[in-house]
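Work through the exercises below with the sequence and the model open. Try each task before reading its solution.

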Amino acid sequence: MARQNVSSLVRDPVAAAPAGGAPAIPWHFQDDPLLWAGWLYVQDGLTQSDIAKVMGVSRATVNGYLAEARRTGIVSLSMEATRLGEFSVAQALKQHFRLEACIVVPAADPASPLIERLGLAGAKVLRGLVKPGDSIGVAWGRTVMAVARAMAPTVVPDLSVVQATGGLTATFDFSPELCASRLAQALGARSINISAPAIVSHAAVRDVLMAEPILAEQFALARSVDKILFGVCSTRPDSLIYESALVTPEDVGDPVTSRATAVVAGRLIDDRGRPILGALDDRTIGLTLAEIGRIRTRIAVAGGADKVPAILAVLRGRHANILVTDAKTGHGILQAEGVPAALGALRGRGKTQLQGGTAVKTKKLINDPKNIIEEMLEGIVKAHPTKVRQLPENSRSLVAVDGPRPGKVGIVVGGGSGHEPSFLGFVGKGLADACAVGNVFASPPPDPILECTKAASGGAGVLYLYGNYAGDVMNFDMAAEMAAMEDIEVRTVVTLDDVASAPRDQRDKRRGVAGNFFVFKIAGAAADKMWTLDEVERVAQKANASTFTVGVALYPCSLPQTLKHNFEIGENEMEIGMGIHGEPGIVREPLKSADEVTDAMLERIFDELPTEKGGKVAVLINSLGSTPLMELYVVNRRVHQRLEKRGIAVHANWVGTYCSSLEMAGMSVTLIHLDAELTELLDHPCDCAMFRAG
């Protein structure tokens with residue numbers, strides 16, 4: 001690994017102050033010098049002397065840290081991915097959103113609720129930042145109160161805590177007044193409250209109150225704070241903003257405020273972080289978003305999968321420059337934003353493979369990893385100029401040359417790169433009209449999806465088809481909302497064919513994998529036959545419900561940005577059910593023969609396949625990237641044998657690479673149960689860049 005210049009390594013801006021000569025450990029490493037030393041040694045490739053300079057300790061101390069790290073299993077010619085996942089995600093969030101610091105707590109701890117862990121982390125960060133004479137602005141909410149409760153009692157000289165919003169009449173124990181007073185009590189500080197409600201009946205009332213000398217003085221103090229602490233509230237139906245009576249459903253139902261995605265200190269923002277101005281904002285008493293933006297240190301503490309869109313909006317709008325969240329939420333934010341960096345560390349459950357203390361690098365034919373998607377798309381368009389073109393409005397929007405036409409339902413697909421030929425290879429006449437392209441293993445953002453929607457729209461509506469992943473769902477939903485503003489009707493079918501990813505009674509949680517192929521093909525045929533949007537959506541749902549996939553992984557892939565394996569698997573192991581990004585499967589066991597592996601996969605499919613003797617199916621044997629056709633045909637042979645024994649006919653059969661996971665070794669088996677309608681649509685001609693039928 002290339003070594004870094006020690007002078008270029010800057011400590012985290014919220015590192016704890018040294019005490020008695022102890023090293024100032026960056027918050028990312030959770031006060032663990034062994035983890036910090038191990039990271040510098042294994043991941044950054046520093047010598048022990050360099051590590052000593054960075055950590056501010058002696059070389060002998062570093063030697064002791066590394067010895068203890070090896071003894072405890074943190075370093076064992078590798079670094080434990082479960083210990084480093086939070087740090088990797090924090091670094092990716094920090095870099096992408098240009099944060100001053102990001103602290104990520106572990107994703108799960110049954111013994112401690114998430115809000116308590118966020119409170120502890122937030123308190124630790126705030127305590128490390130507060131200086132004598134500071135003034136701290138405080139919003140309100142459950143998480144803010146959790147920070148206040150977790151703050152160890154101390155006394156910081158000449159410290160003030162100022163309420164950042166007006167008050168609330170609700171009886172809960174995390175009101176603006178209580179959050180400010182509790183934090184002030186913990187820090188031995190002066191508490192300054194706002195003598196007005198957070199929301200008033202009319203803008204004129206707000207203006208009169210803000211002109212009162214006592215309120216003007218209080219807000220002058222609020223605007224001059226050195227730091228501000230706030231949580232992030234969503235606008236979902238179960239949101240705290242309704243429970244608190246801060247906002248009513250009628251308020252958010254207003255045409256202006258209906259675009260709200262998040263609430264920051266009582267102010268509404270849209271999905272891009274832009275302030276939502278209007279009647280509600282005019283009735284709000286509290287710091288404005290512009291005033292918050294002028295505060296030097298802005299700390300957001302928030303977590304939970306349901307808050308991913310809201311936190312993402314806050315980060316996009318630069319409303320916070322320090323974030324405290326959890327690993328799962330951070331991962332979801334990175335996926336939704338299309339950031340591939342550091343995701344491999346979360347997907348793996350094993351260790352980064354090492355030899356002699358140096359990380360093993362994989363080999364790829366690439367130039368600059370930052371440009372790999374654009375260079376790939378340029379190559380595809382040059383290879384297939386009669387099939388696909390890029391939109392000038394957004395190079396990540398790929399459109400069929402011969403596809404969209406007036407009166408036809410538009411078919412828009414999309415997802416992360418690294419799965420080629422899915423999704424972009426299925427753009428062409430008779431299949432998808434357009435494809436939005438994300439970064440490697442990451443959802444495309446809403447903007448290229450919207451451009452695809454407009455290009456595919458022929459006045460009969462547009463159908464979105466994509467796999468069931470949190471980032472894709474969020475960004476396609478955002479694009480659908482934006483399309484509605486342009487009077488384009490959009491429907492959505494989310495693919496759910498991965499049998500191993502969730503039980504039958506939780507089918508809505510299943511992932512979409514290689515079975516996308518059949519759903520895309522059938523919906524594209526229906527649209528090409530000029531069916532209505534209702535009918536195209538119906539038959540796509542029918543195909544989705546009839547498609548079943550199970551995969552097996554033999555060897556990991558590596559991301560272009562990291563050139564490191566995204567999970568570890570033993571030389572003689574296999575994992576059945578692993579996802580196409582390296583998500584955990586259902587069983588890891590010794591590698592078996594091709595027939596035994598195929599049988600194990602088929603049994604899970606047969607448990608759900610709604611056909612018996614006399615029925616018919618189509619079969620897809622798919623390589624995950626590096627498994628060759630020789631092995632795929634061996635598997636295909638066994639699939640036919642098992643179907644024949646059951647008296648099930650094979651109407652159509654495809655063998656090859658249709659949904660890959662970069663260079664992952666392994667394959668998947670997909671069966672779709674066919675009736676007369678699905679058979680006709682499956683046989684309908686299509687002509688795409690990487691697939692042709694009929």
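## Exercise 1: the second largest cavity

Strand 20 (residues 547–555) gives the most to the lining of the second largest cavity, with three residues. The model is predicted: local features need pLDDT of at least 70, side-chain atom pairs count only at pLDDT 80 or more, and totals for chains, interfaces and linings use all residues. Residues are numbered from 1 along each chain as its sequence is written, and side-chain values use heavy atoms, with hydrogens and water left out.

**Task.** Describe the volume and lining of the second largest cavity.

**Solution.** 
- Step 1, terms. A cavity is a set of points on a 1 Å grid over the protein atoms alone, where a 1.4 Å probe fits but cannot get out; lining residues have an atom within 4 Å of a point. Strands (E, at least two residues) and helices (H or I, at least four) are DSSP runs, numbered from the N terminus.
- Step 2, volume. It is about 80 Å³, taken as the space filled by probe spheres set on the points, with grid points joined across faces, edges and corners.
- Step 3, lining. Of 13 residues, Val513, Gly551, Met578, Ile580 and Ser668 lie nearest the centre.
- Step 4, classes. The lining divides into seven nonpolar, five polar and one charged. Here Ala, Val, Leu, Ile, Met, Phe, Trp, Tyr, Cys and Pro count as nonpolar, Asp, Glu, Lys and Arg as charged, and the others, Gly among them, as polar.

## Exercise 2: the largest cavity

**Task.** How many cavities of 30 Å³ or more does the search find, and which element gives the most to the lining of the largest?

**Solution.** 
- Step 1. The whole structure holds five such cavities.
- Step 2. The largest has a volume of about 140 Å³. Its lining has 18 residues, with Gly416, His419, Tyr469, Asp472 and His581 closest to the centre.
- Step 3. Strand 15 (410–417) and helix 19 (470–485) each supply at least two lining residues. Helix 19 gives the most, with three.
- Step 4. By class, the lining has seven nonpolar, 10 polar and one charged residues.

## Exercise 3: the six-stranded sheet

**Task.** In what order do the six strands of the mixed sheet run, and how many bridges join strand 13 to strand 14?

**Solution.** 
- Step 1. The open sheet has the order 13-14-17-15-18-19.
- Step 2. Strand 13 (388–391) and strand 19 (490–495) are the edge strands, each pairing on one side only.
- Step 3. Strand 13 and strand 14 (residues 394–400) run antiparallel, joined by four bridges. Gln390 has Leu398 in strand 14 as its bridge partner.

## Exercise 4: an aromatic pair

**Task.** Why is the pair of Phe426 and Phe517 classed as it is?

**Solution.** 
- Step 1. Rings of Phe, Tyr and Trp (its six-membered ring) pair if their centres lie within 6.5 Å; planes under 30 degrees apart count as stacked, over 60 as edge-to-face and the rest as tilted. The whole structure has 12 aromatic pairs.
- Step 2. The ring centres of Phe426 and Phe517 are 5.8 Å apart and the planes are at 65 degrees, so the pair is edge-to-face.
- Step 3. Phe426 sits in the loop between strand 15 and strand 16 (428–429), and Phe517 in helix 20, 91 residues apart.

Methods
1 Å grid on protein atoms, 1.4 Å probe; cavity = no way out; pocket = protein on both sides within 12 Å on 5 of 7 lines; lining within 4 Å. Pairing = 2+ DSSP bridges.
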